[in-house]
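Open the model in your viewer and keep a selection tool at hand. The stops below go one at a time.

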Amino acid sequence: PNVCCRAAVAAMVAVCLVVPPVSGDVVQDALGQLSPEFAKGYLDPINEGLNASVNSGIFRTGDVQLAGLNFSLDLTASVISFGDGNKTWKPPVPEGFETGEVSTVIGGTEAVSLPGPGGAQIAFPGGVDLAHWGFVAPQLTIGSVLGTQAMIRWLSVTFGDQDVGDFNFWGIGGQHSVSQYFPALPLHLAAGVMYQKVELGSKLVDA
(Lines give C-alpha, C1' and ligand atoms only; values in the text may rest on other atoms or scores of the structure.)
Protein backbone atom coordinates (compact mmCIF):
# COMPACT_ATOMS: atom_id res chain seq x y z
CA PRO A 1 0.00 0.00 0.00
CA ASN A 2 2.82 2.45 0.71
CA VAL A 3 4.21 1.87 -2.77
CA CYS A 4 0.77 2.43 -4.25
CA CYS A 5 0.29 5.69 -2.39
CA ARG A 6 3.62 7.06 -3.60
CA ALA A 7 2.67 5.94 -7.09
CA ALA A 8 -0.58 7.88 -6.92
CA VAL A 9 1.14 11.06 -5.81
CA ALA A 10 3.88 10.60 -8.42
CA ALA A 11 1.35 10.04 -11.20
CA MET A 12 -0.54 13.20 -10.28
CA VAL A 13 2.68 15.20 -10.37
CA ALA A 14 3.88 13.60 -13.60
CA VAL A 15 0.80 14.49 -15.61
CA CYS A 16 1.07 18.16 -14.58
CA LEU A 17 -2.24 18.85 -12.89
CA VAL A 18 -3.76 22.17 -13.88
CA VAL A 19 -5.94 22.42 -10.79
CA PRO A 20 -5.21 23.71 -7.30
CA PRO A 21 -2.51 21.54 -5.68
CA VAL A 22 -3.77 18.26 -4.23
CA SER A 23 -2.44 17.28 -0.85
CA GLY A 24 -0.15 14.28 -1.26
CA ASP A 25 -0.67 13.49 2.43
CA VAL A 26 -4.39 12.94 1.83
CA VAL A 27 -3.74 10.37 -0.90
CA GLN A 28 -0.91 8.75 1.05
CA ASP A 29 -3.01 8.36 4.19
CA ALA A 30 -5.92 7.00 2.17
CA LEU A 31 -3.92 4.35 0.35
CA GLY A 32 -2.14 3.37 3.52
CA GLN A 33 -5.52 2.01 4.69
CA LEU A 34 -6.21 -0.08 1.58
CA SER A 35 -4.95 -3.44 0.37
CA PRO A 36 -3.55 -3.55 -3.19
CA GLU A 37 -6.82 -5.11 -4.40
CA PHE A 38 -8.90 -2.22 -3.11
CA ALA A 39 -6.26 0.37 -4.03
CA LYS A 40 -6.73 -0.54 -7.70
CA GLY A 41 -10.41 0.41 -7.61
CA TYR A 42 -9.63 3.52 -5.59
CA LEU A 43 -7.07 4.69 -8.18
CA ASP A 44 -8.95 3.63 -11.31
CA PRO A 45 -9.99 7.20 -12.31
CA ILE A 46 -6.27 8.08 -12.59
CA ASN A 47 -5.83 5.46 -15.31
CA GLU A 48 -9.01 6.60 -17.04
CA GLY A 49 -7.84 10.21 -16.84
CA LEU A 50 -4.48 9.31 -18.34
CA ASN A 51 -6.08 7.44 -21.23
CA ALA A 52 -8.37 10.37 -22.02
CA SER A 53 -5.62 12.98 -21.65
CA VAL A 54 -2.89 11.39 -23.77
CA ASN A 55 -5.30 10.89 -26.68
CA SER A 56 -6.13 14.59 -26.88
CA GLY A 57 -4.39 17.21 -29.00
CA ILE A 58 -2.46 14.84 -31.27
CA PHE A 59 -3.84 15.83 -34.68
CA ARG A 60 -4.84 19.46 -35.09
CA THR A 61 -4.72 19.93 -38.88
CA GLY A 62 -5.10 17.93 -42.07
CA ASP A 63 -2.63 20.14 -43.94
CA VAL A 64 0.39 17.88 -44.55
CA GLN A 65 3.09 19.08 -46.96
CA LEU A 66 3.83 16.75 -49.85
CA ALA A 67 7.63 17.07 -49.81
CA GLY A 68 10.54 18.96 -48.28
CA LEU A 69 12.10 19.19 -44.85
CA ASN A 70 9.83 20.69 -42.24
CA PHE A 71 9.37 20.20 -38.53
CA SER A 72 7.54 21.65 -35.56
CA LEU A 73 7.92 21.29 -31.82
CA ASP A 74 4.70 21.75 -29.91
CA LEU A 75 3.58 21.49 -26.31
CA THR A 76 0.15 19.90 -26.46
CA ALA A 77 -2.15 20.30 -23.50
CA SER A 78 -5.57 19.00 -22.55
CA VAL A 79 -7.94 19.40 -19.64
CA ILE A 80 -10.59 16.82 -18.73
CA SER A 81 -13.48 16.89 -16.31
CA PHE A 82 -14.38 13.92 -14.14
CA GLY A 83 -18.02 12.85 -14.12
CA ASP A 84 -19.97 11.71 -11.08
CA GLY A 85 -19.47 8.11 -12.19
CA ASN A 86 -15.72 8.46 -11.62
CA LYS A 87 -16.10 9.64 -8.04
CA THR A 88 -17.48 6.46 -6.49
CA TRP A 89 -17.08 2.71 -6.93
CA LYS A 90 -18.56 -0.44 -5.42
CA PRO A 91 -15.76 -2.53 -3.88
CA PRO A 92 -16.00 -6.31 -3.53
CA VAL A 93 -16.46 -7.20 0.13
CA PRO A 94 -16.37 -10.51 2.03
CA GLU A 95 -19.58 -12.48 2.42
CA GLY A 96 -21.84 -11.08 5.11
CA PHE A 97 -20.76 -7.46 4.66
CA GLU A 98 -23.07 -4.86 3.19
CA THR A 99 -22.20 -3.60 -0.27
CA GLY A 100 -22.25 0.07 -1.11
CA GLU A 101 -20.69 2.97 -3.00
CA VAL A 102 -17.45 4.42 -1.62
CA SER A 103 -15.20 7.23 -2.75
CA THR A 104 -12.44 6.93 -5.35
CA VAL A 105 -9.26 9.00 -5.20
CA ILE A 106 -10.96 11.92 -6.97
CA GLY A 107 -14.24 11.59 -5.05
CA GLY A 108 -15.57 13.25 -1.94
CA THR A 109 -13.49 13.59 1.21
CA GLU A 110 -15.88 11.70 3.50
CA ALA A 111 -14.79 8.22 4.62
CA VAL A 112 -17.31 5.35 4.50
CA SER A 113 -17.52 2.17 6.59
CA LEU A 114 -19.43 -0.89 5.41
CA PRO A 115 -20.82 -3.00 8.29
CA GLY A 116 -20.56 -6.76 8.54
CA PRO A 117 -21.40 -9.60 10.92
CA GLY A 118 -20.73 -9.26 14.63
CA GLY A 119 -20.26 -5.49 14.41
CA ALA A 120 -17.23 -5.78 12.13
CA GLN A 121 -16.63 -2.95 9.67
CA ILE A 122 -14.50 -2.32 6.59
CA ALA A 123 -13.37 1.31 6.40
CA PHE A 124 -12.84 3.07 3.10
CA PRO A 125 -11.15 6.49 2.97
CA GLY A 126 -12.40 9.58 1.23
CA GLY A 127 -10.82 11.18 -1.82
CA VAL A 128 -9.46 14.61 -2.66
CA ASP A 129 -12.60 16.02 -4.33
CA LEU A 130 -10.95 16.62 -7.72
CA ALA A 131 -13.13 17.83 -10.61
CA HIS A 132 -10.58 18.54 -13.36
CA TRP A 133 -7.04 17.76 -14.36
CA GLY A 134 -4.76 18.34 -17.32
CA PHE A 135 -1.93 16.74 -19.24
CA VAL A 136 1.01 18.37 -21.05
CA ALA A 137 3.09 16.52 -23.65
CA PRO A 138 5.97 17.70 -25.91
CA GLN A 139 5.33 16.68 -29.53
CA LEU A 140 7.81 16.73 -32.44
CA THR A 141 6.49 16.53 -36.00
CA ILE A 142 8.91 15.85 -38.89
CA GLY A 143 8.13 15.64 -42.62
CA SER A 144 7.50 15.25 -45.41
CA VAL A 145 7.98 12.32 -47.79
CA LEU A 146 5.22 11.62 -50.31
CA GLY A 147 2.80 13.58 -48.18
CA THR A 148 3.69 11.70 -44.98
CA GLN A 149 5.03 13.11 -41.73
CA ALA A 150 6.13 11.40 -38.50
CA MET A 151 5.08 12.44 -35.00
CA ILE A 152 6.92 11.72 -31.75
CA ARG A 153 5.83 12.47 -28.16
CA TRP A 154 8.00 11.93 -25.11
CA LEU A 155 8.09 12.84 -21.42
CA SER A 156 10.21 11.27 -18.66
CA VAL A 157 10.34 12.18 -14.98
CA THR A 158 12.64 10.63 -12.36
CA PHE A 159 11.35 10.61 -8.79
CA GLY A 160 14.37 9.03 -7.08
CA ASP A 161 12.20 6.40 -5.41
CA GLN A 162 13.25 2.82 -6.13
CA ASP A 163 9.84 1.46 -5.12
CA VAL A 164 7.89 3.79 -7.39
CA GLY A 165 10.40 4.08 -10.23
CA ASP A 166 10.32 6.58 -13.08
CA PHE A 167 7.41 8.03 -15.00
CA ASN A 168 7.78 7.49 -18.75
CA PHE A 169 5.43 8.57 -21.50
CA TRP A 170 6.09 8.18 -25.21
CA GLY A 171 4.18 7.98 -28.44
CA ILE A 172 4.96 7.52 -32.12
CA GLY A 173 2.75 7.92 -35.14
CA GLY A 174 2.24 9.69 -38.42
CA GLN A 175 -0.07 11.51 -40.81
CA HIS A 176 -0.57 10.98 -44.53
CA SER A 177 -2.15 13.54 -46.85
CA VAL A 178 -5.37 12.29 -48.42
CA SER A 179 -6.01 15.65 -50.11
CA GLN A 180 -3.19 15.03 -52.60
CA TYR A 181 -5.32 12.36 -54.29
CA PHE A 182 -8.31 14.69 -54.63
CA PRO A 183 -7.09 18.06 -55.93
CA ALA A 184 -10.63 19.42 -56.16
CA LEU A 185 -11.28 19.06 -52.42
CA PRO A 186 -11.99 22.48 -50.82
CA LEU A 187 -10.30 21.43 -47.58
CA HIS A 188 -7.22 19.62 -46.22
CA LEU A 189 -7.77 15.98 -45.36
CA ALA A 190 -5.29 13.55 -43.79
CA ALA A 191 -5.29 10.13 -42.14
CA GLY A 192 -3.35 9.62 -38.92
CA VAL A 193 -2.36 6.93 -36.47
CA MET A 194 -0.63 7.12 -33.08
CA TYR A 195 0.54 4.53 -30.53
CA GLN A 196 1.26 5.76 -27.00
CA LYS A 197 2.54 4.21 -23.78
CA VAL A 198 2.39 5.46 -20.18
CA GLU A 199 4.41 3.69 -17.49
CA LEU A 200 5.12 4.38 -13.85
CA GLY A 201 7.58 2.09 -12.12
CA SER A 202 7.13 -1.64 -12.47
CA LYS A 203 3.55 -1.88 -13.74
CA LEU A 204 2.12 0.52 -11.13
CA VAL A 205 0.70 2.44 -14.05
CA ASP A 206 0.81 0.71 -17.45
CA ALA A 207 -1.57 2.16 -20.02
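How many helices and strands does the chain have? There are three helices and 10 strands, where helices (H or I, at least four residues) and strands (E, at least two) are DSSP runs numbered from the N terminus. Colour by secondary structure and follow the chain from the N terminus: the elements run α-α-α-β-β-β-β-β-β-β-β-β-β. This is a predicted model, in which local features need pLDDT of at least 70 and side-chain atom pairs count only at pLDDT 80 or more, while totals for chains, interfaces and linings use all residues. Residues are numbered from 1 along each chain as its sequence is written, and side-chain values use heavy atoms, with hydrogens and water left out.

Next, colour by accessibility. Of the 207 residues in the chain, 40% are buried; buried means under 20% relative accessible area, exposed over 50%, and partly exposed in between (1.4 Å probe, protein chains only).

**Salt bridge**

Select Arg-60 and Asp-74, whose side chains meet in a salt bridge at 2.9 Å, N to O. The pair links distant parts of the chain, 14 residues apart: Arg-60 is in the loop between helix 3 (36–54) and strand 1, and Asp-74 is in strand 1. A salt bridge here is a side-chain nitrogen of Lys or Arg within 4 Å of a carboxyl oxygen of Asp or Glu. Side chains of opposite charge can pair when their charged atoms come close. A search of the whole structure finds one such bridge. Arg-60 counts as exposed because its relative accessibility is 51%, and Asp-74 counts as partly exposed because its value is 26%.

**Second largest pocket**

Now select Thr-61, Ser-72, Thr-141, Gln-149 and Gln-175, the closest to the centre of the second largest pocket among the 16 residues that line it. The volume of this pocket is about 210 Å³. On a 1 Å grid over the protein atoms alone, a pocket is an open set of points where a 1.4 Å probe fits, with protein on both sides within 12 Å along at least five of seven lines; lining residues have an atom within 4 Å of a point. Grid points are joined across faces, edges and corners, and a volume is the space filled by probe spheres set on the points.

Which strand gives the largest share of the lining? Strand 1 does, with four residues. Strand 1 (67–81), strand 6 (132–145) and strand 7 (148–157) each supply at least two. By type, the lining divides into five nonpolar, eight polar and three charged residues. Ala, Val, Leu, Ile, Met, Phe, Trp, Tyr, Cys and Pro count as nonpolar, Asp, Glu, Lys and Arg as charged, and the others, Gly among them, as polar.

**Nonpolar surface patch**

Show the surface and select Leu-69, Phe-71, Ile-142, Ile-152, Trp-154, Trp-170, Ile-172 and Tyr-195, which make a nonpolar patch of about 940 Å². Patch residues have over 30% relative accessible area and no salt bridge, and nonpolar side chains (Val, Leu, Ile, Met, Phe, Trp, Tyr) are joined within 5 Å. Areas come from the Shrake-Rupley method with a 1.4 Å probe; for residues, only the protein chains shown count as cover. Strand 1, strand 7 and strand 8 (167–177) each supply at least two residues of the patch. Phe-71 lies in strand 1 and counts as exposed because its relative accessibility is 63%.

**Backbone details**

Go to Gly-143 and Ser-144, joined by a cis peptide bond with omega of about -5 degrees; Ser-144 is in strand 6. Then move to Leu-146, in the loop between strand 6 and strand 7. Leu-146 is not a glycine, yet has a positive phi of about 55 degrees. Is Leu-146 buried or exposed? Leu-146 is exposed, with a relative accessible area of 67%.

Asp-129, in the loop between strand 5 (121–124) and strand 6, also is not a glycine and has a positive phi of about 55 degrees. Asp-129 counts as exposed, at 52% relative accessibility.

**Contacts between separate stretches**

Val-54 counts as buried, at 5% relative accessibility.

End with Ile-106, in the loop between strand 3 and strand 4 (112–115). Its C-alpha is 5.2 Å from that of Gly-127, 21 residues away along the chain. Ile-106 counts as buried because its relative accessibility is 1%.

Methods
Patch = residues over 30% accessible without salt bridge, like charges linked within 9 Å, V, L, I, M, F, W, Y side chains within 5 Å.
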